[in-house]
Amino acid sequence: MLDLLGIAVFAASGALAAAHKQQTLVTFAFFALVTGVGGGTVRDLLIGAPVFWVHDWRYPAASLATAMLVWFTPRHWWRPKALDWFDAVGLAAYAVFGAAKSLAFGIAPLPAVMMGVITACVGGIIRDVLANEPSILLRPELYVTAAALASALFMGLVVLGAPNPVAAVIAALAGFGLRGLAIWKQLALPAYRG
């Protein structure tokens, strides 16, 4: 259920991107789907796992239902920063989930951390490209850093012997906290100056 909720949260950020562009219901559905499952699809292909949403209809259904929900709710319900906050929740949760799934498929800890980052970030990158927005990767704000924190902290706690659920909650809260602080205070990494 938490996995489906995470997909729905990411899908909401995709549907909200379509809403900001005043797109059609078809575009809402497409943005919701690719944002919801994009990172996990890339992860599964890289670790040799069956692509999760192809084998379980509930994942695309959750994405499409979320698109419909956003489409049929009044615009004033969705504040301008809603996309950032929905994305922050999904980012933290999926950085942890991606690392955990990779570890379960026998991937070594360091590449598993990287798979957590890919799981968390690729859907948002695809969303930004489709929406013709500057990719989150090209903005200095803390985004990938928050995913890396959540994924690495989860892996570190697991390697030190913490139970997976405890490590997951702590790591996801840390990743969300960093991303939330970045949204709230506009924290950014310093840019290269040569």
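Reply: Start with exposure: buried means under 20% relative accessible area, exposed means over 50%, and partly exposed is in between (1.4 Å probe, protein chains only). The model is predicted, so local features need pLDDT of at least 70 and side-chain atom pairs pLDDT 80 or more, while totals for chains, interfaces and linings use all residues. Numbering runs from 1 along each chain as its sequence is written, and side-chain values use heavy atoms, with hydrogens and water left out.

Me: Why is Lys-21 called partly exposed?

Reply: Its relative accessible area is 34%. That lies between 20% and 50%, so Lys-21 is partly exposed.

Me: What makes Glu-133 and Lys-21 a salt bridge?

Reply: A salt bridge needs a side-chain nitrogen of Lys or Arg within 4 Å of a carboxyl oxygen of Asp or Glu. The closest N and O atoms of Glu-133 and Lys-21 are 2.9 Å apart. The pair passes, because 2.9 Å is within 4 Å.

Me: Which parts of the chain does the pair link?

Reply: Distant ones. Glu-133 is in the loop between helix 6 (109-130) and helix 7 (144-159). Lys-21 is in the loop between helix 1 and helix 2 (25-47). Helices here are DSSP runs (H or I, at least four residues; strands are E, at least two), numbered from the N terminus. Glu-133, at 38%, is partly exposed.

Me: How many salt bridges does a search of the whole structure find?

Reply: Eight. Among them, Lys-81 and Asp-84 meet at 3.4 Å, N to O. Lys-81 has 42% relative accessibility, so it counts as partly exposed. Asp-128 and Arg-127 meet at 3.2 Å, N to O. Both Asp-128 and Arg-127 are buried. Bridges with shared partners also join Arg-43, Asp-44 and Lys-101 into one network.

Me: How many aromatic pairs does the search find?

Reply: Six across the whole structure. One of them is Phe-10 with Tyr-94: ring centres 5.8 Å apart, planes at 35°.

Me: Why is that pair called tilted?

Reply: Rings of Phe, Tyr and Trp (its six-membered ring) pair if their centres lie within 6.5 Å; planes under 30 degrees apart are stacked, over 60 edge-to-face, the rest tilted. The 5.8 Å is inside the limit, and 35° is in neither outer class, so the pair is tilted. Phe-10 lies in helix 1 (residues 2-20) and Tyr-94 in helix 5, so the pair ties together parts 84 residues apart in sequence. Phe-10 is at 3% and counts as buried. Tyr-94, at 6%, is buried too. Ring pairs link Phe-10, Tyr-94 and Phe-97 into a cluster.

Me: What makes the nonpolar surface patch?

Reply: Trp-85, Leu-181, Trp-184 and Leu-187 make it, with about 410 Å². The rule takes residues with over 30% relative accessible area and no salt bridge; like charges are joined within 9 Å, nonpolar side chains (Val, Leu, Ile, Met, Phe, Trp, Tyr) within 5 Å. Areas are Shrake-Rupley values with a 1.4 Å probe; for residues, only the protein chains shown count as cover. Trp-85 is in helix 5 (residues 82-104).

Me: What sits over the ring of Trp-184?

Reply: The charged end of Lys-185, 4.3 Å from the ring centre. The test asks for NZ of Lys or CZ of Arg within 6 Å of the centre and within 35 degrees of the ring normal.

Me: Why is Arg-179 called buried?

Reply: Its relative accessible area is 2%, under 20%, so it is buried. Arg-179 is in helix 8 (residues 164-185). Its side chain reaches the backbone oxygen of Leu-142 at 2.8 Å.

Notes. Polar contact = N/O pair within 3.5 Å; in protein donor to acceptor, adjacent residues only side chain to side chain.
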